[in-house]
Amino acid sequence: MRAWRRGSPLISLRNLVKLLALLEISTSAAAAPGWVHDAIADCRGRVTAEDAEWAVLLDAHRCRVAAGEPYRERVRRVVEVLRGEGGEGATLVESVSSNWRHMRNLKGWHLRPAGSEERLDKDWIVEFAVDREVPMYTDTRFLVAKFPALEPGSIVAFEYQLECSGWAADYHWFTVQKRAPVAEFRVELEAPADWQVRSSTWRAADRLYAAADHGHHYWVAENLPEQPLEPLAPPPRFIYRELYLTASPKSGHGALSSWQDVARLSAGFLDPPAAPNATVAAQARALVAECATQAEQIETLAHFVRDKIRYVAVEIGAGSYTPRPAAETLRNGYGDCKDKTTLLRALLSALGIPSRAALVSVTRHVVETLPSPVQFDHCILALPDVQRDWVYYDPTSPATDFGQLPAPLGGGRVLVIDRGETALRRLPEPPVDALLRRLEATATLAADGGLEATVCVSSFCLLAGEQRCAVRGAAASVREQEWQSRLAPHLSAARVTQYSLIDCGDLLLESFHLSVPAYVRRSAGLTLFHPNPFYGAEPPVAIGSERQQPIWFGPPGVEEITVDWQLPQGTGVEIHHPRRSAVCAVAELQADLEEEQGVLRFHSRQTRTGRMLDAAESSAARQFEIERKRLRGWSLLLAPRSDLE
Amino acid sequence: MKRTLVCLLLISLAAARAWAGGKLELRPIDADDWAVAAPADCPVQDAVMIFEEVTNDDTQIHHDIQRYTLYRRIRILGPEGVAQAEGTIPQLRKQQKLEAFVARTTLRDGREFKLDKGDLRKHEVVRSHDLTIEEQSFSLQGVTTDCIIDYAFRIRIKSSFPVPPPWEIQKEIPLLRNRYTWRLGPYLHGFTVAIGTKTRPLRPNYVLRNCADWVRVERHPDSGDPRELLFTATNLPPYVAEPFSFEKRMVSANAFFYYGDDRSTHGFWDRQAEKSTRWIHAFFTRDSKRLDQVKAELPREGSREERVCAAYNWVRAHIRRVEQPKKASKRNRSCEMMLQRGCGTTHERQALLWELLRSLDLPAHLAFGLPRDQGVFVRDLKIWQFTTDLVALERDDGGFDFYSLEFDSYPCGQLPWTLEGTTALLVGAVKQRLVTIPFSAPRANTHRRTLSVAIDSEGHCRGHCSDRWSGQEYWAIRDTLGVTTDEEPLAASLSNLLQRALLADAVDSLRIEKASSDPPLLATRATLDLGNRGEELGARLLLRPLSWTGFREPRLTAAHRVTPIVFDFANVRTEIIQLQLPQNLEIEALPADTSVVNRVGSCQMIARRVGNAVSLQRCLRLRRAFWPQSAYPDLQALYSEFQRLSDAPIVLRESS
């Protein structure tokens with residue numbers, strides 16, 4: 001600028017050249033690069049989609065790992081908008097962190113159907129903190145980039161580099177396909193020759209082609225058709241196709257070749273904070289002062305940590321993997337899963353009771369063949385028992401007592417952080433009867449067709465804990481309203497009153513009075529009514545004959561309904577089918593009707609194992625749903641006893 | 001987006017936590033505080049906010065400094081209340097600075113756990129290239145299910161013109177005492193602002209919303225010493241969200257504060273309109289040959305509607321919409337420039353439409369609106385609130401028709417339902433400055449579903465399903481499906497949607513018979529297999545055909561209603577079921593015809609027997625989209641009847 005003011009023609013000319021060069025660069029940068037056009041030419045139209053809002057034309061990851069360097073990955077992604085604005089497919093969402101996961105050189109292009117192009121503007125990029133329901137403070141954010149005014153036929157392309165350090169550099173997962181069709185998915189990993197690269201997949205083994213050549217490893221999938229949204233589908237993580245990779249030196253520093261290595265590594269940062277100091281020891285002694293046995297002591301301490309230490313996760317910096325010292329958690333009165341487990345271990349340790357931390361995952365699959373601490377996202381307590389096995393307890397779960405595990409953890413993989421542990425173990429699955437909910441009602445059908453019932457809902461064991469958490473802090477009027485809403489879909493104008501709650505530890509009793517003004521249906525002199533006013537939780541659905549995905553009837557549980565009917569004086573019912581039942585490999589349903597001494601009793605029991613049924617067995621599931629539909633519509637004809645006889 | 005983020009920040013700042021003054025100190029707790037309990041009928045029992053004191057201090061505004069202080073005391077009474085011990089203080093980096101923070105947990109036995117500024121955690125929550133919002137969070141220590149927590153903080157805001165954060169009066173827990181103090185800047189003592197050619201003094205203004213019964217103005221702007229305004233509120237119930245309502249910020253008790261001139265609301269909106277007029281004059285000042293050419297191209301003959309559509313479609317086809325001006329698309333300084341570039345902002349395109357309509361001798365006015373999903377217009381709030389550009393065309397009867405180019409897929413003359421019933425600001429010489437955008441009539445928004453099915457002696461149903469969506473129902477179904485104009489994906493998506501709604505075993509060969517957005521109409525016909533729908537009842541077969549159509553209507557289960565009821569739009573929904581029975585079955589019983597008619601609408605059902613066939617028709621009509629709380633029982637009666645009818649049975653028996 002000074003040169004301009006001085007009026008030096010030579011420097012002015014130089015500046016002009018620079019300016020022109022800059023202009024040239026910016027002009028060329030505005031146009032989408034060749035790889036975008038190549039992807040469009042090669043992949044567009046290769047996959048068809050009936051229902052999808054977008055199709056992935058190219059999803060290419062070029063990764064590089066090397067000793068002493070952070071993990072680097074270049075991502076190129078091209079998406080075609082098929083409907084609307086392309087939904088989430090046309091939006092780039094990446095998690096970034098100030099500490100361990102950085103994104104660099106983000107570029108994006110929008111190729112309009114009419115032919116014009118625009119480049120991603122910095123105004124269209126925003127980073128948001130991760131928003132969670134539980135109190136959680138973290139430095140991880142979501143970077144979101146989205147072009148405005150996308151339309152069907154638009155092509156959106158993004159290119160960026162990721163750089164990960166720490167553990168995040170050791171284990172990687174790639175979503176090969178969510179639901180939208182994918183024309184080409186590609187991962188290329190460059191690793192030093194003396195490194196070990198291992199991979200595993202979820203629902204993608206038969207779709208991925210893998211190859212390796214002089215330190216370069218490739219995984220390619222092509223032409224993946226859309227995965228449609230089907231009823232009774234399991235949660236998305238069971239549907240999405242994924243690829244998992246680890247790369248680490250075969251030996252020496254940083255090698256994690258076995259779960260024993262992972263356990264040793266984890267013990268290094270999980271064990272030291274669990275050492276009790278004088279305050280913790282005094283607290284432990286005070287808490288168990290009145291306990292007669294060691295079992296009582298353990299239970300008392302476990303419930304103290306569960307109830308008195310509130311869940312607050314501060315995952316900033318090292319706080320994302322290192323627990324706070326037990327004394328600090330005790331003073332704070334809050335902590336996350338690892339803080340609570342560490343405090344419980346310290347309290348137990350102060351009484352001479354040995355325990356270990358154990359790592360599990362609640363959100364992802366734990367791949368047994370790829371040892372890495374990054375696979376876990378939750379920490380629980382493991383206590384050795386006499387058979388040299390382990391007893392587990394999750395002090396973070398407010399709903400479970402000592403000796404129980406939250407149902408979602410049941411059957412999952414666990415790594416006990418003990419130097420003697422060489423492999424993953426499996427967490428015990430809760431018996432289905434531990435998830436029993438029983439609804440019992442004494443119902444009176446008035447002559448005018450109205451229903452008055454006293455209802456008692458018993459939740460046992462794990463469900464008692466869950467229900468206790470659900471109802472706490474809410475006034476009776478709120479609970480009445482909730483029951484009213486729950487019953488509303490099938491009981492028009494139902495009124496719930498006189499709600500009361502009795503807590504008996506592993507049994508929670510809720511009772512209320514239910515009145516429905518016009519329960520029976522009259523149709524030209526015939527009076528009809530449903531013997532079961534409560535139905536099940538979910539309405540039945542239609543399962544198509546060409547099923548692609550596994551069938552899941554929901555989490556495990558047992559639901560029993562018993563209704564004792566007092567019918568209007570001088571009336572009765574004709575029972576043509578006293579029993580209805582349906583069975584498939586993962587669920588069972590049985591309902592009975594009987595009349596005894598003027599009381600009509602309806603009883604049903606529905607059991608779900610929580611497991612999935614393979615798509616090939618869809619006909620059994622379809623039959624099960626048809627029976628469930630019949631049971632929901634089960635009606636009885638109410639008539640004068642004289643007519644019935 | 002930036003403006004939205006700043007608004008969010010201000011709202012969350014108000015929702016966060018103070019008490020201004022010199023030193024920030026927590027006051028001692030007395031026996032009355034420990035005696036506090038939630039009222040027995042209160043839906044929230046585990047925590048009560050004993051007091052909240054907010055001070056907005058503008059006395060240093062001549063040094064570009066504004067201070068916001070908040071002090072809260074909360075009695076925790078149960079496990080759910082413990083969540084109150086978490087707090088966040090959002091702040092804009094550079095413009096806002098946390099000056100002081102103190103917090104304390106006090107237990108029954110007198111033990112105290114204190115926090116200060118050093119215990120806060122700082123991290124970024126939003127970052128864009130020119131805006132960073134940070135958050136300082138805290139977790140109070142030693143919190144139990146029977147304790148009292150206090151926290152207070154003060155933020156210094158760097159600002160040349162003070163914008164007091166809104167006051168969120170109502171909380172999600174019951175609140176006993178709330179106090180807002182507004183220490184005024186030196187504006188009342190001679191500070192003036194230039195308005196046109198005149199200068200006028202700025203005055204403190206406030207608007208209280210949804211809280212007339214709770215809030216008292218202790219010191220009023222017109223009182224003797226107007227250096228400070230004081231508002232108090234007592235015994236506020238917790239805010240409880242209700243279905244079919246506006247979002248929280250629109251229906252909970254809150255207040256806005258701002259400096260404005262002392263003229264009336266009416267005068268304020270007049271001035272806003274004048275500003276727009278000045279902008280329009282500047283935009284069209286220079287002669288534009290291109291504009292003249294465009295005007296010459298437009299037809300001068302034809303009906304009013306045809307001429308409007310010609311102008312509307314010309315702008316839409318020739319002027320591409322661009323986002324707010326940036327480097328790549330600088331704001332057009334004149335109409336000529338816009339026509340030359342072929343692109344313009346929504347406001348510029350709308351102005352061009354206005355000019356073209358005027359050139360066609362149509363009584364057009366530039367107008368502004370606020371869709372109801374973005375906010376509710378408050379007439380007394382003398383702040384610009386509108387987000388949508390419109391053109392209003394005066395009708396002969398004195399009413400107005402509205403047009404907007406902002407919604408790309410909507411043809412001329414149609415607006416999204418979110419604008420129906422909202423207030424628009426009209427620019428230019430009009431009798432009324434603020435007018436209501438009319439609601440569409442129920443009969444204009446219809447969905448009719450016809451099931452023609454034949455049932456066999458086992459109860460298996462097969463047949464056809466015809467649907468017809470019109471008006472806003474058409475836009476709603478398009479929105480549900482996320483489609484634009486493509487017919488093929490529409491057919492596939494509709495087929496899936498129908499299968500899910502009807503719980504059908506199969507929906508095949510769905511055909512789009514008509515799909516147009518002008519007029520908005522979608523008609524389809526599909527073959528379907530409903531599976532076995534008969535329920536055996538001894539020798540009888542029971543059918544509930546009205547449960548097959550898959551119409552989902554609101555379930556209003558709450559006994560009482562606090563907030564107004566808001567639906568998307570008024571409409572008429574009709575289900576027609578034609579059942580062809582097998583020869584071996586005859587009808588034993590049909591449900592009786594029913595009709596519920598009240599001030600909110602009607603629900604009618606007619607059942608007819610025609611030979612060996614049955615025809616059922618249920619029609620639900622909602623007269624308006626908005627209803628006050630007092631209409632809740634009528635709405636309940638209407639929808640309850642609708643749901644009851646879904647179970648209406650037809651009984652068949654073997655032919656005699």
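Mentor: Let's start with A:Asp59 and A:Arg77, which form a salt bridge whose closest N and O atoms are 3.4 Å apart. This is a predicted model, so please read every value here as computed from it. A:Asp59 sits in strand 1 (residues 54-64) of chain A and A:Arg77 in strand 2 (residues 71-81) of chain A, so the pair ties together parts that lie 18 residues apart in sequence. Is A:Asp59 buried or exposed? With a relative accessible area of 5%, A:Asp59 is buried, because the limit for that word is under 20%. A:Arg77, at 22% relative accessibility, counts as partly exposed.

Now follow the chain to another pair. The side chains of A:Arg364 and A:Glu242 meet in a salt bridge, 3.3 Å from N to O. A:Arg364 belongs to the loop between strand 19 (356-360) and strand 20 (378-384) of chain A, while A:Glu242 belongs to strand 15 (residues 241-249) of chain A, so this pair ties together parts 122 residues apart in sequence. A:Arg364 counts as partly exposed at 22% relative accessibility, and A:Glu242 counts as buried at 7%.

A further pair is A:Glu230 with A:Arg547, where the closest N and O atoms are 3.6 Å apart. This pair links distant parts of the chain, 317 residues apart: A:Glu230 is in the loop between strand 14 (216-224) and helix 4 (236-239) of chain A, and A:Arg547 is in the loop between strand 29 and strand 30 (551-552) of chain A. Both A:Glu230 and A:Arg547 are buried.

Some residues join up in a group. A:Arg64, A:Glu69, A:Arg72, A:Arg104, A:Glu163 and A:Glu190 are linked in a network of salt bridges. Over all chains, the structure holds 88 salt bridges.

How many salt bridges does the rule find across the interface of chain A and chain B? There are five across that interface. In one of them, B:Glu124 pairs with A:Arg141, with the closest N and O atoms 3.7 Å apart. The rule also finds 22 residue pairs in polar contact across the interface of chain A and chain B, counting pairs with both residues at pLDDT 80 or more. By class, the side of chain A that touches chain B has 30 nonpolar, 16 polar and 17 charged residues.

In all, 63 residues of chain A are in contact with 72 residues of chain B. The two chains, A and B, bury about 5,500 Å² between them, 52% of it on carbon and sulfur atoms. On the side of chain A, A:Tyr137, A:Arg310 and A:Arg521 lose the most area to chain B, together 12% of what that side buries.

Strand 6 of chain A pairs with strand 6 (residues 121-128) of chain B in the antiparallel sense, over two bridges. There, A:Glu127 stands opposite B:Arg127 in strand 6 of chain B.

Finally, return to the strands on either side of the loop that holds A:Arg364. Strand 20 and strand 21 of chain A pair over four bridges, and A:Ala382 has A:Tyr392 in strand 21 of chain A as its bridge partner.

How values were computed. Residues are numbered from 1 along each chain as its sequence is written. Chains are lettered from A and ligands numbered from 1 in the order in which they are written. This is a predicted model: local features need pLDDT of at least 70, side-chain atom pairs count only at pLDDT 80 or more; totals for chains, interfaces and linings use all residues. Side-chain values use heavy atoms; hydrogens and water are left out. Contact means heavy atoms within 4.5 Å. Buried area is the accessible area (1.4 Å probe) that two parts lose on being put together, summed over both. A salt bridge is a side-chain nitrogen of Lys or Arg within 4 Å of a carboxyl oxygen of Asp or Glu. A polar contact is a pair of N or O atoms within 3.5 Å; within protein, one must be able to donate a hydrogen and the other to accept it, and residues adjacent in sequence count only if both atoms are side-chain atoms. Ala, Val, Leu, Ile, Met, Phe, Trp, Tyr, Cys and Pro count as nonpolar, Asp, Glu, Lys and Arg as charged, and the others, Gly among them, as polar. Two strands pair if DSSP finds at least two bridges between them. Buried means under 20% relative accessible area, exposed over 50%, partly exposed in between (1.4 Å probe, protein chains only).
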